[in-house]
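Biologist: I am new to this structure. Please show me how to read its features one by one.

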Amino acid sequence: MKEVLLIKNGELALKGLNRGTFEDILVKNMRRRLGAAVGKFVFTKSQSTIIAEAAEEDADFDLAEDVLKKVFGIAGFSRAALAEKDIEDIKRVALSYLRDELESAGTFKVNAKRSDKRFPMTSPEICREVGAHLLRNIPSLKVDVHNPDVTVTVEVRDKNVFIHGNQIKGAGGMPVGSAGRAALLVSGGIDSPVAGYMMSKRGLQLTAIHFAAPPYTSKRAEMKVRDLVSIVAKYSGRVNFAIVNFTEIQEAIKEKCPEELFTVIMRRMMMRISLRLAERDDCGALITGESLGQVASQTMGALACTDAVSTMPVFRPLIGMDKEEIITISRKIGAFETSILPYEDCCTVFTPKHPRTRPTIALIEEAEAAADFAPMIERAIETVRYEHID
């Protein structure tokens, strides 16, 4: 019995004449992700559905299901069996393919979709025939047309008949790469991986930038961030990962600048470096995990001072969320347990005791003039380490 995947792309249906372009990007992403984990698949567009067929008979469809759940742009998908255009074969395949699912369910209904009007039976007739066959062979089943545990769907199309059970919920959003590329400033905390996940869901391909400050931050802290980027990459696909040595700049800030301004000045230096690295990687925006008022560096005044050095849009998808909302998403994507591991990042090493919550740009610029940061920024950029994380 041949099994295929029927993929519904949801939001892409609203793209009008550009829909085909978005679908092509989605197919490219699915082909790459399935190819890396499962094997080669062949994709066909048909009647608002993308059909994925494995090139090899022994393809692991359980693993394929796990992969597709994390591909943005998919609203839902079904694992389906092919049947001949014959009611007896349809009944046979429905019972054989869905027996396990139906035996563990209490109620079911049959839904028939007959786009090929040449098929000799109407949709209600198909439902009655298939439903009666399933009831005869699975005595524990009961019919519930309003709220069934399992909906058995029979799709009679021009070339094939597809039979499947309940649709599997997809990740939603837009295909990664359809909105361009952006650079995510990623720390070892809870927020930035969630921000990367959320903007990737809107179609952005990611470059991740991490600021390390050895010996104040450890190799284990760097490994933690790498693990977090790997978790995000399960949804976003390949991430270009840049690691910046920030020690010299951070020590200069500590030595030359007022303590109450440490954090804002540090964020401005990070922005300057990130802009340069983002331009290298053809990014059109920066992404941060800031939430308004969560800490002193995330007040309106502090954010205005940070944004003043950026020539790119700065996306902050968490800006209006509270911590519990952010944690909920962190748990959902599997990042929370890694995020709370007790390894310090450079954002927490030189945290001032009494940070200024309403800094002004004039005050910050005056403080920055106490040191010549330009050559330090150049050295940090020249010594960046790059990796690719899938």
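**Reading the features**

Modeller: Let's start with a pair: the side chains of Glu 368 and Arg 268 are joined by a polar contact of 2.7 Å. A polar contact is a pair of N or O atoms within 3.5 Å; within protein, one must be able to donate a hydrogen and the other to accept it, and residues adjacent in sequence count only if both atoms are side-chain atoms. Please remember that this is a predicted model, where local features need pLDDT of at least 70 and side-chain atom pairs count only at pLDDT 80 or more, while totals for chains, interfaces and linings use all residues. Residues are numbered from 1 along each chain as its sequence is written, and side-chain values use heavy atoms, with hydrogens and water left out.

Biologist: In which helix is Glu 368 found? And is Glu 368 buried or exposed?

Modeller: Glu 368 belongs to helix α13, residues 361-368. Helices (H or I, at least four residues) and strands (E, at least two) are DSSP runs, numbered from the N terminus. Glu 368 counts as buried because its relative accessibility is 9%; buried means under 20% relative accessible area, exposed over 50%, and partly exposed in between, with a 1.4 Å probe and protein chains only. Beyond residues up to four places away in sequence, Glu 368 touches Ile 265, Arg 268, Met 269, Arg 272 and Phe 373 (contact means heavy atoms within 4.5 Å).

Biologist: Where is Ser 310 placed?

Modeller: Look in the loop between α9 (300-307) and β14 (314-315). Ser 310 is buried, since its relative accessible area is 15%. A polar atom of the Ser 310 side chain lies 2.8 Å from the backbone oxygen of Met 312. Not counting residues up to four places away in sequence, Ser 310 touches Leu 275 and Leu 286. As for Arg 33, 277 residues separate it from Ser 310 in sequence, and the two are 34 Å apart in space, C-alpha to C-alpha.

Biologist: How many salt bridges does the structure hold?

Modeller: There are 30. A salt bridge is a side-chain nitrogen of Lys or Arg within 4 Å of a carboxyl oxygen of Asp or Glu. One of them joins Asp 116 and Arg 118 at 3.0 Å, N to O; Asp 116 is buried at 5% relative accessibility, whereas Arg 118 is exposed at 66%. Another links Asp 307 with Arg 316, with the closest N and O atoms 2.8 Å apart. Here Asp 307 is partly exposed at 29%, while Arg 316 is buried at 14%. Glu 337 and Arg 331 meet at 3.8 Å, N to O, and both are exposed. Glu 3, Asp 62, Glu 65, Lys 69 and Arg 79 are linked in a network of salt bridges.

Biologist: Which residues line the second largest cavity?

Modeller: They are Leu 184, Val 186, Leu 206, Ala 208, Leu 228, Val 229, Val 232 and Val 239. By class, this makes eight nonpolar, no polar and no charged residues. Ala, Val, Leu, Ile, Met, Phe, Trp, Tyr, Cys and Pro count as nonpolar, Asp, Glu, Lys and Arg as charged, and the others, Gly among them, as polar. α6 gives the most to this lining, with three residues.

Biologist: Which element gives the most to the lining of the second largest pocket?

Modeller: That is α1, with four residues. This pocket holds about 320 Å³ of space, and its lining divides into four nonpolar, one polar and seven charged residues. Among the lining residues are Arg 32, Arg 33, Asp 66, Lys 70, Lys 234 and Asp 390.

Key: 1 Å grid on protein atoms, 1.4 Å probe; cavity = no way out; pocket = protein on both sides within 12 Å on 5 of 7 lines; lining within 4 Å. Points joined across faces, edges and corners; volume = space filled by probe spheres on them.
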